[in-house]
Amino acid sequence: MNIETLVFYFFSAITIVAAIGVISVKNSVQAVLCLVLAFFSAAALWLLLEAEFLAITLVLVYVGAVMVLFLFVVMMLDVDFAAMKQGFTKQLPLGLLVGAGLFGAIYWVIRFEVFGNDKVPEPAKSEQGYSNVEELGRLLYSEYFYPFEIAGVILLVAIIAAISLTFRGRRDRKGQSVREQHQVLKEERLKIISMESERPVSSSDVNSESGGAS
Amino acid sequence: MQLITEGLWIVAKIAMILLPLVLAVAYTTYAERKLIGYMQMRIGPNRVGPKGWLQPIADVVKLLMKEVIVPSGANKTLFLLAPILFIAPSFAAWAVVPFDAELVLADTNAGLLYLLAMTSIAVYGVIIAGWASNSRYALIGSLRSASQIVSYEIAMGFALVGVLMAGGSMNLGDIVAAQNGSALHWFWIPLFPILVIYWISGVAETNRAPFDLPEGESEIVAGFHVEYAGMAFALFFLAEYANMILISILTALFFFGGWLNPFQGIPYLEAATDWVPGTIWLLLKAAWFLFMMIWLRATFPRYRYDQIMRLGWKVFIPVTVVWLIVLTFWIKLEWGWWFDGRGIAALGGAS
């Protein structure tokens, strides 16, 4: 057993344990953190495949951005666990059925006959100077150009849809117009008045004040 | 056996980066207190050791001796995990930082992306610290920090795309090598708007003044780390300063030629300064940016929250995107001497 196999089993074990943790941990914030750990160890597995670009992108996009927003939302939620557990036994058969169906479907796609060790050859070690970023860029912008651009447009549509669904343009809000703030002139806000200089207070006043202070 | 010696060698190299870093952090705090003191016509710390030189050591000892207090309502595991989650990425990011042409721990081709990934996961430490403390101020601080870091990360990411385009590589060593020539070959000229945005976003990412709303003493006491004491607090402190130094070094690497001699190409000065090792140049350049960060803190008042968000989303992101388009034309038309051999002519020759 070489070191790579050891590292592979180490991170696979972490991924599986973390993935189980996502659905079994009681605290929802801890569940999200388990998911983060699962993503992280999956990225480590990708690194073993020498897919360094994809691995780091996984960390950057999912761990660094998506899960942060997820954690945000989960932290703000006030989950009533008692209400959630209601009707657990009633829904259990249906849940098991759906779960079994899903498992069956995934198993049918990635079963041993399709993705077995003898079916998929071991990927060749890339030679020195091979850059995964360059290779990916070349493929994305030539062979897969249309799918790539279409995916981008779909995401853009989703963003616009999300904004237009949630933005209720209230016109009576007390927003600040930065343009107006910048255009403010000194004369509008400040009044400079010339004032007589103060005379020193009389000596008796000074004496009584200093006496009080000391 | 060979595996063990190799592993030990890597650990030794990590120690060679981290120990000076921790020392640098300690003396950055001293420099900050002294500099801000002078800027405000004070003397700054001057009691411990000659001219206060031992002040940081005294601070470290104090923080080490203090008790780590866990609030009774806190989620204990997460509360103690948060400082570790905050400091681990800020140390891990140093793995790809080159200190000279050959002096780098991990010479990876995805260095730039790795840096971005590491700086983006530090936000977990902040969020978890705020949430696990079970305190209102801490939670407000962590929410502010998270939204600020996520917002400025986008501008920073776009700025790094500009660096990547100009350098033609994600390897930090190659980016510096692409700036070889003279001080006018450095990327600060073609990437000037991106330099400004990267620098300001870097200050915002490290939660430094004038973007220190997550700590905002006057409103929310100390923000996300208000409940931390002793060593746990020291970890937050250490990570923040390590990030400051990292951002300074990265700015020097991306825009100011890293370890390249600034007098390169000038007849007599180049020969006269040839003996200076590249690392010294890099550290000098980084020290200047570190000084600027401290200077900023002494100069500007804190931003208002909506102003921060506006600056990040409505100013920085559009400016970087526009400059990326300008840069594309710049590179492809080979204006000036920065992008020789990378333009349309070179492309035609390659295909």
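Mentor: Begin with how the angle is defined: axes are lines fitted to C-alpha atoms, for helices over the stretch in contact, and angles run from 0 to 180 degrees between N-to-C directions. Keep in mind that this is a predicted model.

Trainee: Which quantities describe two packed helices?

Mentor: Two packed helices are described by the angle between their axes and by the distance between the axes. Here, take α6(B) and helix α13 of chain B, residues 305–333: their axes come within 9 Å and cross at roughly 10°. Angles under 35 degrees count as roughly parallel, so α6(B) is roughly parallel to α13(B).

Trainee: Which classes of residue make up the contact of α6(B) with α13(B)?

Mentor: That contact has 19 nonpolar, five polar and one charged residues.

Trainee: How should I read the chain as a whole?

Mentor: Start with its elements. Chain B has 14 helices and zero strands. Its radius of gyration is 21 Å, close to the 20 Å that the globule rule gives for 351 residues, so chain B is as compact as a globular protein of that length. The C-alpha trace of chain B spans about 70 × 55 × 45 Å along its principal axes. Buried residues make up 44% of its 351 residues. Of the contacts in chain B between residues at least 6 apart in sequence, 77% join residues at least 24 apart.

Trainee: Which residues have the most contacts inside the largest nonpolar core?

Mentor: They are A:Phe39, A:Val59 and B:Leu113, in a core of 121 residues. Helix α10 of chain B, residues 230–255, gives the largest share of this core, 18 residues.

Trainee: What does A:Val59 touch, again not counting residues up to four places away in sequence?

Mentor: Its partners come from both chains: A:Val59 touches A:Phe40, A:Ala43 and A:Gly64, together with B:Ala117 and B:Ile121.

Terms used. Residues are numbered from 1 along each chain as its sequence is written. Chains are lettered from A and ligands numbered from 1 in the order in which they are written. This is a predicted model: local features need pLDDT of at least 70, side-chain atom pairs count only at pLDDT 80 or more; totals for chains, interfaces and linings use all residues. Helices (H or I, at least four residues) and strands (E, at least two) are DSSP runs, numbered from the N terminus. The radius of gyration is taken over C-alpha atoms; the globule rule is 2.2 Å times the number of residues to the power 0.38. A residue is buried if 20 or more other C-beta atoms lie within 10 Å of its own, exposed if 12 or fewer, and partly exposed in between; C-beta atoms are placed from the backbone. Two residues are in contact if their C-beta atoms, placed from the backbone, lie within 7 Å. A nonpolar core is a set of buried Ala, Val, Leu, Ile, Met, Phe, Trp, Tyr and Cys residues joined through C-beta atoms within 7 Å. Angles under 35 degrees count as roughly parallel, over 145 as roughly antiparallel, 65 to 115 as roughly perpendicular and the rest as oblique. Ala, Val, Leu, Ile, Met, Phe, Trp, Tyr, Cys and Pro count as nonpolar, Asp, Glu, Lys and Arg as charged, and the others, Gly among them, as polar.
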